[in-house]
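Let's take a walk through a protein chain together. Have a look at the fold below before reading on.

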Amino acid sequence: MVSITINGKQYQAAENMTIMEAAKANSIHIPNLCYLEGIHEFGSCRICVVEVEGAKTLQAACITKICDGMRIHTNSERVRKARKVIYELLVSDHAKDCLSCKRNQSCELQALGKALGVEDYRFEGERSVRNDDISVSITRDMTKCILCRRCVTVCNDIQGAGILNAQNRGFDTVIGPAMDLQLGTVNCIFCGQCTVVCPVGALKETDSIQDVWNALNDKSKRVVAQVAPAIRVSIGEEFGYEAGSRVTGKLAAALRRLGFDDVFDTNFTADLTIMEEGTEFLARLKKALLGEGAVLPMITSCSPGWIKFIEHAYPDKLTHLSTCKSPHMMMGALVKSYYAQKINVDPKDIFVVSVMPCTAKKSEISRAEMKNYGLKNVDAVLTTRELAAMIKEAGIDFHALPDEEFDNPLGMSSGAADIFGVTGGVMEAALRTVYEVVTGRQLPFDGLHVAPIVGLESVKVAELTIDNPLDEYKFLDGVTLKVAVTSGVKAANRLVDEISKGKSPYHFIEVMGCPGGCIMGGGQPRSSDPQVKLKRLKGIYTEDEAKVLRKSHENPYVTAIYEEFLGHPNGHLSHELLHTHYVKRGIFNELTSESFVVSKKASAPQASVKQAPKEPMQQHTRDGLASTKIMELETENARLKNELNSALETVELFKKIIVSSSAKNR
Ligand code: SF4
Ligand code: SF4
Ligand code: SF4
Ligand code: FES
């Protein structure tokens, strides 16, 4: 411990703490902006400056370590003035259109201005030009970027996707993919983790709210909602509930009040996924154990961010993926076939909306293979944040809503389906069913929980020995199943690398694209609560334990849909509706021409374009000024076109090199 003085008062603090940490430990708040505890401690914004006696300049509290005897002032006149100036400089190149900004009232920059007492912007100068990059999942508006680089850290160090980086230098710095390419054309996996940490409106999900309002207003449409498992423990946060609060009943009620004709639960198809995926796993396992050749380990396929990642990074490992569509795609396919038949409605007149914790689901629904009979399985995806925004826009008092049930036949689910929302949940749900199907006995663990794979570690493993199986499964007698669970694609790399080297000891691997699983998906409410992950995880397991049915194969509506419609798991109709295939994309997207761009951005690279500096009017006639401006713009335009052409040529060259080297390696 060392002794420090903050604002004239003495404190003891651990030796390796930063000033920010020591202050926080003693309930002293230091304003900050780029800092994200435990994730991004980079020191780029300087809002957190403090005075340290003896130091020549103000010090950034988030990166300056304390030392014994240090005397710190967090709130002096000098410090407060400096913070205001830094803030004003930051917003001098910022689109201050708060009233129409999606982050209005949830914006850290806005809140900081208020906290610092900023009432005026004294610095106006060159401004970056608006140049949106809109992919089906993520929208980038760099006129609102404050260059904090949180997204860079998350995209590179946590997700390992390596898409976002600082391009160019100085005023030209812009955060985005290399060579000013658009997110929809590169290997962005649309996980949305960057949108969760962005403090402002620079990175956000691509808006689907208006599409959903349009469908709800269209009297010729039957509009069906479905809700992912993780939403029920997170959407409450948008209405002031504690993180992890279970608001399942109010959620169903809110969707009805918004005008949805049917309110189904994606949990139902999570149960169905277990039937399909469990059957697929047992079939592969049997073949492998009987020496008939089968690809193992099998890897789960419900996380579209992860799917896109493996398609880019390991296109030769796609046969390891289960062929099951993700649960909400299965639901969409069933609504437009089984349910449409049942209610005698033309599937063309059905509009399916998935409420998901995930931004990658927005890109998943636009994949060419996610269609049946020429119709998209799912028509729109709302993130948790978007649904909350719609509920607020409709003036629905969420707190006052009664608890209602989901509609049947696609609304009932087991506790196994609930835990799909958290890392380890799909594997546990699968083991609950597979073990019982194979042995006729219940999974022999307390509360049906496979303890080694419960929790938030990035890689978890478990073993389960099968003794005395039923006759049909004698080939499994004495076999120890080895399973692994991982979340966040960076951690998944390790397991796939083992497969590549032929050293994977596992039979079955669960991968979720977001660290912690869907509870921490890129479309979930942003939170400053460091315990949010744990609270949501507890909420999910409580929901599971509160259910009468805890195993997917016990769901009577699942049994009914096989009897009435599908036949049996992995049967012909199941394959047609509930299974899919994958696309080899290549590391730089060079193996496919499929792109996920919504609209083309302006041709000029954004960061290089500036507003021309203001010139003194009195030195020019109006015409003279106009023609000077036109000439300047034409010159700039030509330069930018050249830059862009040469960037595109380089990309093409890279693609050719990669294609020819992959061909050689085959
Ligand atoms: S990002 Fe924040 S400060 Fe900027 S326009 Fe939006 S709400 Fe206003
Ligand atoms: S969506 Fe994910 S992969 Fe894409 S830029 Fe953001 S963090 Fe990176
Ligand atoms: S896009 Fe957002 S998170 Fe990324 S640097 Fe800009 S402001 Fe920060
Ligand atoms: S919060 Fe410390 S430098 Fe940004």
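## A glycine after a helix

Just after helix α7, Gly259 takes a positive phi of about 110 degrees. Keep in mind as you read that this is a predicted model.

Now step back into the helix itself. Is α7 mostly covered or mostly open? Helix α7 spans residues 248–258, and it's mostly covered, with eight of its 11 residues buried. If you want to find them in the structure, the buried ones are Thr248, Lys250, Leu251, Ala252, Ala253, Ala254, Leu255 and Leu258.

So what does the covering?

Next, find helix α9 (residues 304–313) and helix α15 (residues 489–500). They pack at an angle of about 50 degrees, and their axes are 11 Å apart. Because of that angle, α9 counts as oblique to α15. The crossing of α9 past α15 is right-handed.

Which residues make the contact? On the α9 side, they are Gly305, Trp306, Phe309 and Ile310. On the α15 side, look for Val489, Ala492 and Val496. Sorted by class, this contact has six nonpolar residues, one polar residue and no charged ones.

There's a handy rule to remember when you look at helix contacts: an α-helix has 3.6 residues a turn, so residues three or four places apart point the same way.

## Around the ligands

Time to look at what surrounds two of the ligands. Ligand 1 has 14 residues around it, and Cys98, Cys101, Cys107, Val200 and Gly201 come nearest.

## Zooming out

Finally, take in the whole chain. How many helices and strands does it have? The count is 19 helices and 21 strands. Of the chain's 666 residues, 46% count as buried.

One last number is about contacts along the chain. Take the contacts with a separation of 6 or more: residues 24 or more positions apart account for 76% of them.

Technical notes:
Residues are numbered from 1 along each chain as its sequence is written. Chains are lettered from A and ligands numbered from 1 in the order in which they are written. This is a predicted model: local features need pLDDT of at least 70, side-chain atom pairs count only at pLDDT 80 or more; totals for chains, interfaces and linings use all residues. A residue is near a molecule or strand if its C-beta atom, placed from the backbone, lies within 6 Å of it. Axes are lines fitted to C-alpha atoms, for helices over the stretch in contact, and angles run from 0 to 180 degrees between N-to-C directions. Helices (H or I, at least four residues) and strands (E, at least two) are DSSP runs, numbered from the N terminus. Angles under 35 degrees count as roughly parallel, over 145 as roughly antiparallel, 65 to 115 as roughly perpendicular and the rest as oblique. A crossing is left-handed if the near helix is turned anticlockwise from the far one by less than a right angle, and right-handed if clockwise. Two residues are in contact if their C-beta atoms, placed from the backbone, lie within 7 Å. Ala, Val, Leu, Ile, Met, Phe, Trp, Tyr, Cys and Pro count as nonpolar, Asp, Glu, Lys and Arg as charged, and the others, Gly among them, as polar. A residue is buried if 20 or more other C-beta atoms lie within 10 Å of its own, exposed if 12 or fewer, and partly exposed in between; C-beta atoms are placed from the backbone.
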